[in-house]
Amino acid sequence: MSNIDLSEKSWDNRYQNQDIGWDLGKVSSPLKAYFNQLNNKDLKILIPGGGNSYEAEYLFNLGFKNVFVVDLSKTALNNIKKRVPNFPDSQLILGDFFNVNDTFDLIVEQTFFCAIHPSLRKDYVSKMYNLLEINGKLVGVLFDAPLYKNRPPFGGSKQEYLLYFKKLFKINIFEKCYNSEPSRKGKELFIKLIKF
């Protein structure tokens, strides 16, 4: 892990230099479809490693005002604020996901799991569990492909991921994503996991 730089400075440099190949420039189709069927606008929602977080923008514009984004890149968080000036500053958290101390009804997974070093995946699952209220949901997409070993996004497989999640979560949905963006077709899993 020592030769892979995943520091705050490194992530911010990537956003400043537009070295963000995973960034779709819009909310992804699977998440948009999921958000569109949510009715409770009072849900407290976290988007970890949200980056430019078109998901936060989309949710906020749908009337979800209790959305929080945490990211290591100040540039990425500033990009959200530029697009959505009314987004509360207190809900844009500059820092490490693993240091967040709060609870949420819904956590949105969008490329974050595959951005952290694979050695942290077990810690990610435990932290997600601790951040969710009972019956809270972890929903989103995971890359279902090998991808890179020496830099993010780090890939993986459904079989590997299930080993991490099934110990702590009720698996509601964990399947090939049918409505991925064309560039991600066949490379994503849609997940809906429930804390019990």
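## A walk through the rings and the cores

Start by selecting Phe174 and, leaving aside its neighbours within four places in sequence, show what it touches: Leu142, Lys158, Tyr161, Leu162, Phe165, Leu189, Phe190, Ile191 and Leu193 are all in contact with it. Keep in mind that you are looking at a predicted model. Phe174 belongs to strand 6, residues 169-176. Is Phe174 buried or exposed? With a relative accessible area of 7%, Phe174 falls under the 20% cut-off and so counts as buried.

**Next stop: the aromatic cluster.** Select Phe97, Phe98, Phe112, Phe113, Tyr124, Tyr129, Tyr161, Tyr164, Phe165, Phe169 and Phe174 and show the side chains; together they form one aromatic cluster. Over the whole structure, a search turns up 17 aromatic pairs. Zoom in on Phe113 and Tyr161, which make an edge-to-face pair with 5.2 Å from centre to centre and 90° between the planes. Which parts of the chain does this pair link? Phe113 sits in the loop between strand 4 (104-110) and helix 5 (121-131), while Tyr161 is in helix 6 (residues 158-165), so colour those elements to see distant parts, 48 residues apart, brought together.

Tyr124 comes from helix 5 and Phe165 from helix 6, which means the pair ties together parts 41 residues apart in sequence. Both Tyr124 and Phe165 are buried.

**Two lysines over rings.** Centre on Tyr129 and look for Lys195, whose charged end sits over the ring, 4.3 Å from its centre. Then jump to Phe104: Lys44 lies over the face of that ring, at 5.2 Å from the ring centre.

**On to the nonpolar cores.** Select Phe35, Ile45, Ile47, Val67, Val69 and Phe87; these have the most contacts inside the largest nonpolar core, which has 27 residues. To see where that core comes from, colour helix 2 (29-36), strand 1 (45-48), helix 3 (54-62), strand 2 (67-71), helix 4 (74-83), strand 4 and strand 5 (132-143), since each supplies at least two of its residues. Which element gives the most? Helix 3 does, with 5 residues.

For a view from inside, centre on Ile47. Leaving aside neighbours within four places in sequence, Ile47 is in contact with Ser53, Glu55, Ala56, Leu59, Val67, Phe68, Val69, Val70 and Val108. Apart from this core lies another, of 26 residues, and Ile116, Phe143, Phe165 and Leu189 are among them.

Ser53, one of the contacts of Ile47, has a positive phi of about 40° although it is not a glycine. You will find Ser53 in the loop between strand 1 and helix 3, and at 1% relative accessibility Ser53 counts as buried. Finish at Asn135 in strand 5. Asn135 also has a positive phi, of about 70°, without being a glycine. Is Asn135 buried or exposed? Its relative accessible area is 52%, so Asn135 is exposed.

Conventions
Residues are numbered from 1 along each chain as its sequence is written. This is a predicted model: local features need pLDDT of at least 70, side-chain atom pairs count only at pLDDT 80 or more; totals for chains, interfaces and linings use all residues. Side-chain values use heavy atoms; hydrogens and water are left out. Rings of Phe, Tyr and Trp (its six-membered ring) pair if their centres lie within 6.5 Å; planes under 30 degrees apart count as stacked, over 60 as edge-to-face and the rest as tilted. Helices (H or I, at least four residues) and strands (E, at least two) are DSSP runs, numbered from the N terminus. Buried means under 20% relative accessible area, exposed over 50%, partly exposed in between (1.4 Å probe, protein chains only). A charge sits over a ring if NZ of Lys or CZ of Arg is within 6 Å of the ring centre and within 35 degrees of the ring normal. Contact means heavy atoms within 4.5 Å. A nonpolar core is a set of buried Ala, Val, Leu, Ile, Met, Phe, Trp, Tyr and Cys residues joined through side-chain atoms within 4.5 Å.
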